[in-house]
Amino acid sequence: MSLLRSVRFNVYLFCALAAAAALGTFLPQRGLAPQQVERFIAAHPLWGPALDFFGFFHLYSTGWFMGLLGLMAFDIVLCKLKNAPPDPGLAPLPPGEGPDSAADAGPEALLERRLRAGFSLPMSQASALAHARAVLEKKRYHIRASTSGAGAALTASKHGLQRWGSYVAHVSLVVILLGALCRGVFGFEEILPIAEGESVSLRRRPWEVMVDKFDMGYYPGTLTPRFFASNVRVFERGRSFATGGPSAASSVRGRKIAESRILVNAPLSLGPLGLVRLYQASWGATGMFRSVTVETAAGELALSPKQTLRLAQGGVSAELFYPDFAVAEGNRAANRSVELLNPAVRFSWLRADGAVSRFWLFDHWPRICFFEDEGGSLHEAEPPFRLKAVDPVLFSGLQAAYDPGYYVVVAGCLGLLAGLSALFYLHRRKLWILMRPDPGGGGAVSVVVGGWSSRATDFRREFDDLVAAVRAGG
């Protein structure tokens, strides 16, 4: 237990958590970008598989990261919350600096404090006590009076909530860690690539998500997406039933439970308390197209995927679409990604003599053409016509995330904010005023004042003003 309560161990534990969280931020995560993870591992064959083995690509759900969070929570409880809450705030004098009763404390106990003052008032002790109480009440101090024999004392405190600041902040840290543990143990994330007009069922919930329409736009003159959004409907998943044979099955779509337009940073909340959220995470091209527009000597013509265009040279059909065309090893056609960075269409050309040729035309480079030989190698040639436009079938990359610890973390963050605000913005103050009959007689009273604040330099002026106000009563 002594190891867990040591400051050095706490620092090492915090640094380990911070380093792991930093790696999880910079490394792609399978729950968010599975394709990026595979590309990262392929690009780093030496240490990519090692990172995958230790779970760095699904870091926040690994057992060792959950263990670090649990150990941090236990350590905070052991180090901070094990002790009783702070003192009540109106103790007559700090422990060890005077007797149990402030009225019995000698003047020396107060005169040893950093903020102190001593003077006489030409009035009775009862009048001086009432006047000092009125001054402190005007400044909104919490006051307690005590008497013993010939002496009397006032103990006062202000902004006593500050003593709870550190305690509340540490409790809130434990709450935040528990919320993170709930998310890691019971939460889930799913990536749902859904083409327009199609639907996908969630694995962890009996729901079916359908994308009716996917919209996107670019910044003018660039290939940088300006926005992308999905019009979705969510249904209860119906039961499957056989239709004519053991391999044929259909399903009945249940009632609609939600309908919304999802944009980046504008998710759709589902389920009790809205803890399941659908985010617009990504987008891409499916590799299919609705139509292509070509510019020939006869004008602009549109082709659907199964349509053959009759030209003087023979029949031409569009048969393959790559959203991000590249020339790979062996001088062969390849697709680099699902993004529309270099759209290309492969056409099949059936000549009048019965020979078949295949060639690639490009949306962004209409003057470039690659013919494929029988072995699949590419050869640059003059394009027989130009590719004017492509209408690709896009998919919406939705992310379904369930976070049962969301409201726990929110409550912990609010508590942490409240605790830190009390700790740094409320300056706790304490005053002790001791009164005894003046040894010189004459009906006067001797007054000794001691003060303390969590920020003594900030309290100096207020202490001097309070002493002057009490002294002015004479």
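Visitor: What share of the contacts in the protein chain with a separation of 6 or more comes from residues 24 or more positions apart?
Guide: Such residues account for 60% of those contacts in the protein chain, a contact meaning heavy atoms within 4.5 Å. This is a predicted model, in which local features need pLDDT of at least 70 and side-chain atom pairs count only at pLDDT 80 or more, whereas totals for chains, interfaces and linings use all residues. Residues are numbered from 1 along each chain as its sequence is written, and side-chain values use heavy atoms, with hydrogens and water left out.

Visitor: And how many helices and strands are there in the protein chain?
Guide: The chain has nine helices and 24 strands, taken as DSSP runs numbered from the N terminus, with at least four residues of H or I for a helix and at least two of E for a strand. Of its 474 residues, 40% are buried, where buried means under 20% relative accessible area, exposed over 50% and partly exposed in between, using a 1.4 Å probe and protein chains only.

Visitor: What order do the strands have in the open sheet of five?
Guide: The order is β1-β24-β23-β3-β2, with antiparallel pairing, and two strands count as paired if DSSP finds at least two bridges between them. Because β1 (115-121) and β2 (142-148) stand at the edges with a single partner strand each, one side of each is left without a neighbour in the sheet. Neighbouring strands of this sheet are turned against each other by 15 degrees on average, direction ignored; the axes are lines fitted to C-alpha atoms, for helices over the stretch in contact, and angles run from 0 to 180 degrees between N-to-C directions.

Visitor: Which helix packs on the sheet?
Guide: Helix α6 (residues 125-138) does, touching β1, β2, β3, β23 (429-437) and β24 (445-453), and its direction makes about 165 degrees with that of β23.

Visitor: Going strand by strand, how many bridges join β2 to β3?
Guide: Seven bridges join β2 to β3 (residues 151-158), and the two run antiparallel; S148 has G151 in β3 as its bridge partner. β3 in turn pairs with β23 over seven bridges, also antiparallel, with A152 opposite M435 of β23. β23 and β24 are antiparallel over nine bridges, and P437 is partnered there by V445 in β24.

Visitor: How many residues of β23 are buried?
Guide: Seven of its nine residues are buried, so β23 is mostly covered.

Visitor: New topic: how many cavities of 30 Å³ or more does a search of the whole structure find?
Guide: The search finds two. On a 1 Å grid over the protein atoms alone, a cavity is a set of points where a 1.4 Å probe fits but cannot get out, and lining residues have an atom within 4 Å of a point. Grid points are joined across faces, edges and corners, and a volume is the space filled by probe spheres set on the points.

Visitor: Which residues line the second largest cavity?
Guide: The lining consists of L431, I433, V449, F463, L466, V467 and V470. Four of these residues, the largest share, come from α9, and both β23 and α9 (456-471) supply at least two. The lining has seven nonpolar residues, no polar and no charged, with Ala, Val, Leu, Ile, Met, Phe, Trp, Tyr, Cys and Pro counted as nonpolar, Asp, Glu, Lys and Arg as charged, and the others, Gly among them, as polar.

Visitor: Last one: where is the place of V338?
Guide: V338 is in the loop between β17 (332-335) and β18 (344-351), and its relative accessibility of 22% makes it partly exposed. Leaving aside neighbours within four places in sequence, V338 is in contact with Q35, W283, G284, A285, P323 and F395. The C-alpha atoms of V338 and P323 are separated by 6.0 Å, with the two residues 15 apart along the chain.

Methods: On a 1 Å grid over the protein atoms alone, a cavity is a set of points where a 1.4 Å probe fits but cannot get out, and a pocket is an open set with protein on both sides within 12 Å along at least five of seven lines; lining residues have an atom within 4 Å of a point.
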